[in-house]
Amino acid sequence: MSIHGVLREISRVAHSPRMTRPLIAGSVLMLCVLMLSLIGPHLVNQQLALVGARAPDLAPSSANWFGTDSLGRSVLAFVVDGTWPTLQIGLIAGGVGIGIGLLLGLLAGYFRGVFDATVRVLADSLLTIPQIAILVIIAANVQQMTVNLLGLVVAILAWMVPTRTIRAQVLSMRERGYVEVARANGQREIEVLFREVLPNLIPYIAASFVGAVSAGILAAIGLEALGLGLSSAPTLGTAIYWAEKYSAVLGGEWWWWTPPIVIIAVIFLSLFLLSAGLDRLANPRIGSRA
Amino acid sequence: MLPLSYLIKRTSQLVLVIFIAVTVNFMLPRFLPGNPVEISLQQKIAISGTYTVNPAIIAKQYMGEFGLNKPVLVQYYTYWKSILHGNFGVSLANYPTPVASMIKAALPWTLGLLLVSAIIAFLLGSLLGGLLGWPRAPRALRLLAPGLMGVSVIPYYLLAIILIFVFSTHWQLLPGSQGYDPTQMLGFNWASVVDILRHSILPGLSIVLGGVGFWALSMRGMMISVQGEDYITFADAKGLHPRRIFFWYGMRNALLPQVTQLAVALGVVVSGAVLVEVIFNYPGLGYLLFNAVEGKDYFVIQGIVLMLIVSIAVALYIVDLIYPLLDPRISYRRK
């Protein structure tokens, strides 16, 4: 395919009526964050993120663009290093959450019965429990925390909302005409589930995924800010934890905690916009009113 | 009145949640590797440097005292019995302070901060959202909306950091830490009240600013759909004053689904508030939890977590009981 053809395809997608402003804005922001997190570590000297790399408590200057923290680490270095692990945790939590949610939601919504009742009661009960409570208990008992482990811990409480959303959709879809036709054609129920219902669920799955990633990152940063995060690599949340520990806020060292907060805000803003845009994609009847 | 089937269903759900919470609370530390007492003792020895005691022997004694070497089912039964008697064990870090008394001291602070800020955020957000969805609302409000939404994207505790820096370090207007002045002796006098209020402004503000955007956005959605209803048109045709229509016809009906949203949002608000307390060193349950996690004080952690889960479950139960009284249609509809 020629460059011209690729550009034309991109332009066609970008100008389609479903590609609303929130979706574009969210995607652009997320792209910036991804570039920062994936390319950034290669551009910045990673040695600078280690303890004692530079003199401690230096304000931003031409030598250290974001200054240093109380342990002598370059803020720019560990912020750039820490963005990708944060996103990774969110992706793991979101992925596992959606995986479980899809499985449970499809089966519960389509086949109903006792299984459906059990799933519903379980999900509703777990939703009422404050996340931080369970997460703190689990995380406090884990000796060596890694990215994957933290993602899984957060995912434990991330599956409920996707399950409910997907189940609700499946409930309405199973009564549709095309499902009846497929059944009348002799397709087995399992085939109907995967061939007819699942493909139409994709917009909802995408919207739920973004929501789950957002909730996962929020929970992960919360745990990290309490000191229950990664023991090895820095992440944005642990940067906040160390800043608290060394009283950087009251001490006026704004350059330590401002970059992590700004990046976190940008991540959440982009996820929010993406989710709003995907919601509208999935449900075009939600009109927009400024 | 409340249909009996609804009451039974909701009460059994409450019992189930409490049962799951207590069981998970009981099981987790026992099924994860490591003996918490021994680890805690070893940490203390490492910090203090002396080694006159053998942690293994002390740990065994401790386990015998607290019945930790009996079969699991017996332990489970004794656990339930002690929970129902309000005995959550003793703190390992502040031996022998009972966990229950630590929680009792911290609870009023958290309740006060959380309840007031959450209610303010809910009311303010709903009002703002309602106005945003109402076509005849003042135009100036639309300008306020994106700012507030943007702020609410940032998690509460990060907002707290920014607020502390601006109002406490930079402008030195409001106290940025603790619940009351360390030099102040608390009593039932005016000075204490003012002191406590001053210290609660910034933490409360973080929770309010962080939560308003969410409530406003969902309220706006409700208001837009309520607006298209026939009774609004009818009220307008009757010639009622616009403000009256807004409050008594519009807001009143749009508020109902918001209250159900409260159920899901409560868990998130509590989680955020816990971290806000940590940032502010506010002497509530969140701060207690943080210190317990740092010091690996397992019984305190378990006690607080259990307390949080049970209180939220009870709060939601009350909300679910009140809701049919607010919306009589629920009683007729089958869930």
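What share of the contacts in chain B with a separation of 6 or more comes from residues 24 or more positions apart? The share is 72%. Two residues are in contact if their C-beta atoms, placed from the backbone, lie within 7 Å.

This is a predicted model: local features need pLDDT of at least 70, side-chain atom pairs count only at pLDDT 80 or more, and totals for chains, interfaces and linings use all residues. Residues are numbered from 1 along each chain as its sequence is written, while chains are lettered from A and ligands numbered from 1 in the order in which they are written.

**Chain B**

Chain B has 13 helices and 0 strands. Helices (H or I, at least four residues) and strands (E, at least two) are DSSP runs, numbered from the N terminus. Of the 335 residues in chain B, 34% are buried. A residue is buried if 20 or more other C-beta atoms lie within 10 Å of its own, exposed if 12 or fewer, and partly exposed in between, with C-beta atoms placed from the backbone.

Two domains divide chain B: domain 1 (4-84) and domain 2 (107-326). Such bounds come from an automatic or database domain assignment. Their C-alpha centres lie 34 Å apart.

**The contact between chains**

Chain B puts 43 residues into the contact, and chain A puts in 34 residues. On the side of chain B that touches chain A, the elements giving two or more residues are α1 (4-31), α7 (156-170), α10 (242-280), α11 (285-294) and α12 (298-326) of chain B. The most comes from α10(B), with 9 residues. By class, this side of chain B has 34 nonpolar, 8 polar and 1 charged residues. Here Ala, Val, Leu, Ile, Met, Phe, Trp, Tyr, Cys and Pro count as nonpolar, Asp, Glu, Lys and Arg as charged, and the others, Gly among them, as polar.

**Packing of α10(B) on α11(B)**

The axes of α10(B) and α11(B) are 7 Å apart, at an angle of about 75 degrees. Therefore α10(B) is roughly perpendicular to α11(B). Angles of 65 to 115 degrees count as roughly perpendicular, under 35 as roughly parallel, over 145 as roughly antiparallel and the rest as oblique. Axes are lines fitted to C-alpha atoms, for helices over the stretch in contact, and angles run from 0 to 180 degrees between N-to-C directions.

From α10(B), the contact uses A273(B), V274(B), L275(B), E277(B) and V278(B). From α11(B), it uses G286(B), Y287(B), L289(B) and F290(B). These residues divide into 7 nonpolar, 1 polar and 1 charged.

**Chain A**

The mean pLDDT of chain A is 80, and 94% of its residues reach 70 or more. pLDDT is the predictor's confidence in each residue, from 0 to 100. Among the elements of chain A, α3(A) has the highest mean pLDDT (87) and helix α1 (residues 3-15) the lowest (74).

S214(A) lies in helix α9 (residues 189-225) of chain A. Why does S214(A) count as buried? Because S214(A) has 21 C-beta neighbours inside 10 Å. Leaving aside neighbours within four places in sequence, S214(A) is in contact with F268(A), L271(A) and S275(A). The C-alpha atoms of S214(A) and S270(A) are separated by 9.6 Å, with the two residues 56 residues apart along the chain.
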